Every structure is written in C-alpha cells, then in structure tokens.
Amino acid sequence: MNKPKVVLTHWVHPEIIELLREKAEVVANPGRKTLPREILLERAKDADALMAFMPDCIDEAFLKACPRLKIIAAALKGFDNFDVDACTRHGVWLTIAPDLLTIPTAELTVGLVLGITRNMLEGDRHIRSGQFAGWRPELYGLGLYGRTAGIVGLGLVGRAVAERLKGFGMNLVYSDEISLPPDEEEQLGLTKVTFSGLLDSSDIVIPLLPLTDRTFHLFDRNALARMKKGSYLVNACRGSVVDEMAVVESLEKRHLAGYAADVFEMEDWIRPDRPRSIPKALLENTAQTFFTPHLGSAVDDVRIEIERYCTRSIFQALDGKIPEGKVNDIC
C-alpha cells in the first residue's frame, strides 16, 4: 500500500522529517530559501498533505492544482496568506499552531522595545567603528520605568507582552474590541482606553493585531500624527498594519522618535499590491530604526515543537480525524 505524500514547503528539522517518514512519503525542501511557486506546485500536485510556512500563499488556483490535498498544516499563527474559504470549498483542512509562538514573539517584542529606545544598534555600530574611546555623554535614549506603553490588540501575544513589560515598572494601557475581566486587568497592570486615547498617552505603541481589512494601514499618517511627539512605534505583528511610507515621513519630521519592526509590508504576499521591498528611506535611516528579519518565533526548540505539532495535525487528518489547530470545518 502506497504511503500518503507530504510536501514540506520550507526547511524543517531532520528529526521531524524522520517522524513524518514513519507514515508518509516526504518531499522535503533541503534549502533555506522559498521555492518558486511553479516548483512548489509541481511537487504538491499529487500531495495528500502540505506543511506550509509564512512565505506561502495558498489560494484558489493553488488548491485547484492540488486536488488530492486533505490538509495544509501551517507552521504559524497568523494565517492571512491562506484563503480559508477556498480551503473549505475544496475540502482541505487548514491548521495553525495557535499558541506555540506566543512567548517567543513576546520576548522578541520586548527586545525590539529595548533596542530602539536605548539606541542599542547605534551603540553597537559605534563600538565596531573603532571610534569608541570610553564613556561619553551621547546616545541618550528613553528609559522604560514610569513610561506608558500602549498595546493595540490584546490576544495571547498582547497579554504576554504586557506581563513582561509590567516588570519594567511601566504604565500599561490597551485598546481592543474586548475587555479583560477586572481581575485580569489588575493582575497585568492594564487599563483599557480608546484607540485615540492610547495614541495620545503612550510613549511606546505596540500593535499586536492580525492583518484584516480593518487593520490594514491602521497606523497611517493620521494615526501617527496623533501619537505623542517623541514616541516610538514597535511592530511585531504584520507589516501592513503599518503604512511604512507614513512612518518614513513621521521619522523625517522628527515626530516619531523611532520605529522598530520584525515584520514588513513586503512580506504580506496575499496583497497583490504589496511593496516588493522595504522602503529605501527606512533602511537608510539607521539612527531612528531597529529591524530584525521576522525572528518572532525563531527559537530552535520552539520551531521543533511547532513542526511536531503540524506533524500531529497531518497524521490526524490523514487518519480521517479532526486535526488539532483547525481554523475551518469541512464536511
């Protein structure tokens, strides 16, 4: 009896490949680069399962070309690059890893906050330039103690960020459609405010939202102008929640003091009009920006556990069971 075919769109740990091979024929991507769509489609056209990753864009055309697919196990949390309705129409499960990315993403977010407010990258460059001759009164930044951080979107990651920033002695406010129970607000040191109130009062603004029609360019010119002069914006959710060109303008005017990001508009493959690169003006503004290359979940043991979770979901679907982490229902 032939084993089902599982295609891995990106590199995964060798032990996960061996685990999959116990029950399936595995077509792996041994390199670290994203495959061209036509090559991926050639590999997946007769596949029973797909383990997909952030750069993949699964749409109606992809699903039509892969009629045997039973499950797409996405090794991620935010699934805006995947057409859920199309998956449902084609009888394909779409699963995600809903909570495994929470802590590493929250940790990186705090790292971005510290990096941009304390001029860490500028300091590192100064040391490496060979010009450092000992302490000087320069590169003064913003301390966190007593400052106000505004978290926009209080899902699992938002709560984890709040929990960590509370330890710095910060005042924490949040804006969300839902309200936390009073005891949880007290535990996390959070106060709910309106979105405009958050922009008015926060020294550091941290969006932690999925990318939807409602959140696309939520941080546009108007929102950035509403933020306090000298405040910081830190983005570790989705690039297109922020209008990067509006950020360029705000930094040039010295309204925003700094912008830190782990995500960029160019990564939002579901957008047909997405930029194909990070704005040159952002990249050249090294004094006011701090960037990381989408490292939110880039913790080795966490990635292994995410891949293991996806493997379980694949096995469950191939066995005719409802898979863990499903985001749709199929008949």
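Here is a chat about a predicted model of one protein chain.

Biologist: What should I know about the model before we start?
Modeller: It's a predicted model, so to speak of local features we need pLDDT of at least 70, and side-chain atom pairs count only at pLDDT 80 or more, while totals for chains, interfaces and linings use all residues. Residues are numbered from 1 along each chain as its sequence is written, and side-chain values use heavy atoms, with hydrogens and water left out.

Biologist: OK, how many helices and strands does the chain have?
Modeller: There are 13 helices and 12 strands. Those are DSSP runs numbered from the N terminus: helices are H or I with at least four residues, strands are E with at least two.

Biologist: And how much of the chain is buried?
Modeller: 51% of the 331 residues. Buried means under 20% relative accessible area, exposed means over 50%, and partly exposed is in between (1.4 Å probe, protein chains only).

Biologist: Switching topic: how many cavities of 30 Å³ or more are there?
Modeller: The count is 1, and the largest cavity has a volume of about 50 Å³. On a 1 Å grid over the protein atoms alone, a cavity is a set of points where a 1.4 Å probe fits but cannot get out; a pocket is an open set with protein on both sides within 12 Å along at least five of seven lines; lining residues have an atom within 4 Å of a point. Grid points are joined across faces, edges and corners, and the volume is the space filled by probe spheres set on the points.

Biologist: Which helix gives the most to that lining?
Modeller: α6 does, with 4 residues. α5 (102-117) and β12 (289-291) each supply at least two as well. Among the lining residues are Gly-115, Met-120, Arg-125 and Phe-290.

Biologist: What's the lining like by class?
Modeller: 5 nonpolar, 4 polar and 2 charged. Ala, Val, Leu, Ile, Met, Phe, Trp, Tyr, Cys and Pro count as nonpolar, Asp, Glu, Lys and Arg as charged, and the others, Gly among them, as polar.

Biologist: What about the second largest pocket?
Modeller: Its volume is about 150 Å³. Its lining includes Thr-9, Pro-36, Asp-56 and Phe-62, and divides into 7 nonpolar, 3 polar and 2 charged residues.

Biologist: Last one: is Asp-213 buried or exposed?
Modeller: Asp-213 is exposed, because its relative accessible area is 81%. You'll find Asp-213 in the loop between β9 (204-207) and α10 (221-226). Asp-213 and Val-241 are 28 residues apart in sequence and 9.7 Å apart in space, C-alpha to C-alpha.
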